[in-house]
Amino acid sequence: MSEAPERVRVFVALWPDAATADALAALTELAAPPSARRMRPDTLHMTLAFVGDIETARLPGVLSAGDAVAWPAFDMTVDRLALWSHNHILWAGLAHVPDALVDLSSALGHALNARGIALPDRPFMPHVTLARKADSLSGSGAIEPIDWHVDRGVLVRSMRTASGACYRVLKQWGSAG
């Protein structure tokens, strides 16, 4: 009997600098209902491509895809709050999505696909998950804007633990990398 190949759970994301992460964490504390499971400040990010569980042997393809993409620096503003009631996710997003973000997401998807790593066929919805198991959203969803200077992308390994997900950055791309 052969052993199943080792697998890793990975995604490619934009990772905020410390000041942006602090602002997002403060927003989480203000907006998340008491019953919600708040994301830890060190886990806040914007996913560009959720690859999911893959065989470890396929990880070089993900790395190669990230290496093949141009990682421009650009600015975006997190300025809206919403709740996906179907899965109880409280999230922060962008009223205006910069072209650079759309182009980056598209280029990454094409690079992954060219290496045989298919992503789910759904539109890119840039957001930062603030809390899970959220059952309500107070107010209109308008928030004090959070300016985010994007200068890097990261490949992250997600490991499930009893206290929630633990993330480890495997690779960084961009001007900060």
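The accessible surface of the protein chain comes to about 9400 Å², and 52% of that area belongs to carbon and sulfur atoms; such areas come from the Shrake-Rupley method with a 1.4 Å probe, and for residues only the protein chains shown count as cover. This is a predicted model, in which local features need pLDDT of at least 70 and side-chain atom pairs count only at pLDDT 80 or more, while totals for chains, interfaces and linings use all residues. Residues are numbered from 1 along each chain as its sequence is written, and side-chain values use heavy atoms, with hydrogens and water left out.

**Overall form**

- The protein chain has three helices and nine strands, where helices (H or I, at least four residues) and strands (E, at least two) are DSSP runs numbered from the N terminus.
- Along the sequence, these elements follow the pattern β-α-β-β-α-β-β-α-β-β-β-β.
- Taken along the principal axes, the box filled by the C-alpha atoms is roughly 55 × 40 × 30 Å.
- Of the 177 residues, 42% are buried, a class defined as under 20% relative accessible area, with exposed meaning over 50% and partly exposed in between (1.4 Å probe, protein chains only).
- Among contacts between residues at least 6 apart in sequence, 78% join residues at least 24 apart; contact means heavy atoms within 4.5 Å.

**Charge**

- The protein chain carries 16 positive and 18 negative side chains, and the centres of the two sets lie 9 Å apart.
- Lys and Arg count as positive and Asp and Glu as negative, whereas His and the chain ends are not counted; the place of a charge is NZ of Lys, CZ of Arg, CG of Asp or CD of Glu.

**Helix α2**

- Helix α2 spans residues 59–68, and its buried residues are L59, G61, V62, A65 and G66.
- These residues lie on the same side of α2 because they cover an arc of only 160 degrees around the axis, the arc being that of the directions from the helix axis to the C-beta atoms.
- An α-helix has 3.6 residues a turn, so residues three or four places apart point the same way.
- The partners against which the buried residues of α2 pack are strands β1 (7–14), β3 (46–55), β8 (152–161) and β9 (164–174), together with helix α3 (99–114).

**Residue L14**

- L14 is found in strand β1 and counts as buried, at 0% relative accessibility.
- Beyond its neighbours within four places in sequence, L14 is in contact with residues including M46, L48, W71, F74, L101, L104, W148 and V150.
- L14 and L170 are 156 residues apart along the chain, and their C-alpha atoms are separated by 13 Å.

**Loop residues**

- H88 lies in the loop between β4 (74–84) and β5 (89–93) and is partly exposed, with a relative accessible area of 39%.
- Although H88 is not a glycine, its phi is positive, at about 60 degrees.
- K133 belongs to the loop between β6 (127–132) and β7 and is exposed, with a relative accessible area of 59%.
- K133 is likewise a residue other than glycine with a positive phi, near 60 degrees.
- D151 is in the loop between β7 (142–150) and β8; at 23% relative accessibility, D151 counts as partly exposed.
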